Amino acid sequence: MKIALVTKGFLSSWGGAERMSVNVARALKKAGHEVDVYAARVGGEAIDGVKVIKVEASGFVSALKILSFNARVRKLLRHKDYDVVLGFTQVFPLDVYRASGGVHEYWMRLQYPNPLFRALKYVTSLVHLAVVWIERNIAKPGNHRFVITNSKLVKGHVRQYLGVNDSDIRVVYNGIDHGLFNPEVRKFCNETRSSLGITDGETVALYVSNNWTRKGLDTVLRAMKGVKGLSLIVVGRGKKGKFLNLMKNLGLETGRVKFAGQTGNVERFYGASDFFVLPTQYDPSSNACFEAMACGLPVITTATNGASEVLTSGKDGFILDDWQDDISLKRFFFELMDDGQRRVMGEAAARKIKDFTVERCVNEIIKVCEEAMKGKGRG
């Protein structure tokens, strides 16, 4: 196949779609395919035989940058003869679109349930209009062959809000690096706990996110009240002010919550923890949940996180129906205060996620590309 891979960023250091772009380009080349990459941001990645074209996006505001990137990619591809155009970002037309960030219209309805406020947000922040416009155009007949989602949750949103036929949607769950995330990270436990001032005998919950409001840190703090012997490590970027005030109002000792900040070595914190918690309002499919499972941690998350589809509640973790339900979350905390319960559930989590590899994910994406090529009548 001769493939055009369109992505916002082509650099593995960013994670997410940017890292997946590099992994897919490398795997496609290794499998003997010809690959050209079109990206707005380019890092120092160099893959023999893969041509990387930097697409300049102009404009003073985000909406204009998004629209100009889309227009310039379309112009560059217009006179090219690719077997498959694979998009890891919102562009059209293409053959295969990977909707790893979910559906923007659904997210806007979730954030602004009042139609008047939502309309006002669209008008005052045109970037939302631009993204929704492009997504709707991707969904039109002739502008796509297949849409890849990273969960059944997002598949439902693509069907409901974009009107894509069920037969055109393929679910491909995210893959993780088991060489980095595995139960052996427990070797970092003592050193990491000591650096955070966590004493022996404490049970440690881990929370990883750069959006503490949307991903329910306040729910975690409320649920901690009255659970003696439980500490929390918070990894990621965020403003502590309102959460410190909440802790004060709840009567939670400040020493029970360790704000570790951003890190390039998140595996050390998985190794220092006893279970993982992420009561997110919405997540297409949280990689952090998969990483925690691979490290042998029971996971607590919400039904509005696509990653919950891999869990069996009560076996390898727990699933909250409501992301603000601190009472149910507290009950789960009490269950996981038992060391034997945690060990059994953590081992089950590691077994469950074992086959969710980067290689499997990439290979399934390649299969969808091959299916799209055949659908165009190519060899």
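In this predicted model, Asp316 sits in the loop that links strand S12 (299–302) to strand S13 (317–320), with strands taken as DSSP E runs of at least two residues and helices as H or I runs of at least four, numbered from the N terminus. Residues are numbered from 1 along each chain as its sequence is written. Local features need pLDDT of at least 70, side-chain atom pairs count only at pLDDT 80 or more, totals for chains, interfaces and linings use all residues, and side-chain values use heavy atoms, without hydrogens and water.

Asp316 counts as buried because its relative accessibility is 2% (buried: under 20%; exposed: over 50%; partly exposed: in between; 1.4 Å probe, protein chains only). Its side chain makes a polar contact with the side chain of Lys352 at 2.7 Å (N or O atoms within 3.5 Å, one able to donate a hydrogen and the other to accept it; residues adjacent in sequence count only if both atoms are side-chain atoms). A polar atom of the Asp316 side chain also lies 2.8 Å from the backbone nitrogen of Thr312. Beyond four places in sequence, the residues in contact with Asp316 include Pro298, Val310, Met345 and Lys352 (heavy atoms within 4.5 Å).

Turning to the helices, H8 (residues 217–224) packs against H12 (residues 326–336) at about 60°, the axes being 8 Å apart. H8 is therefore oblique to H12 (under 35 degrees is roughly parallel, over 145 roughly antiparallel, 65 to 115 roughly perpendicular, the rest oblique). Thr219, Val220, Arg222, Ala223 and Met224 of H8 meet Asp326, Leu329, Lys330 and Phe333 of H12.

Definitions and conventions: Axes fitted to C-alpha atoms, helices over the stretch in contact; angles between N-to-C directions.
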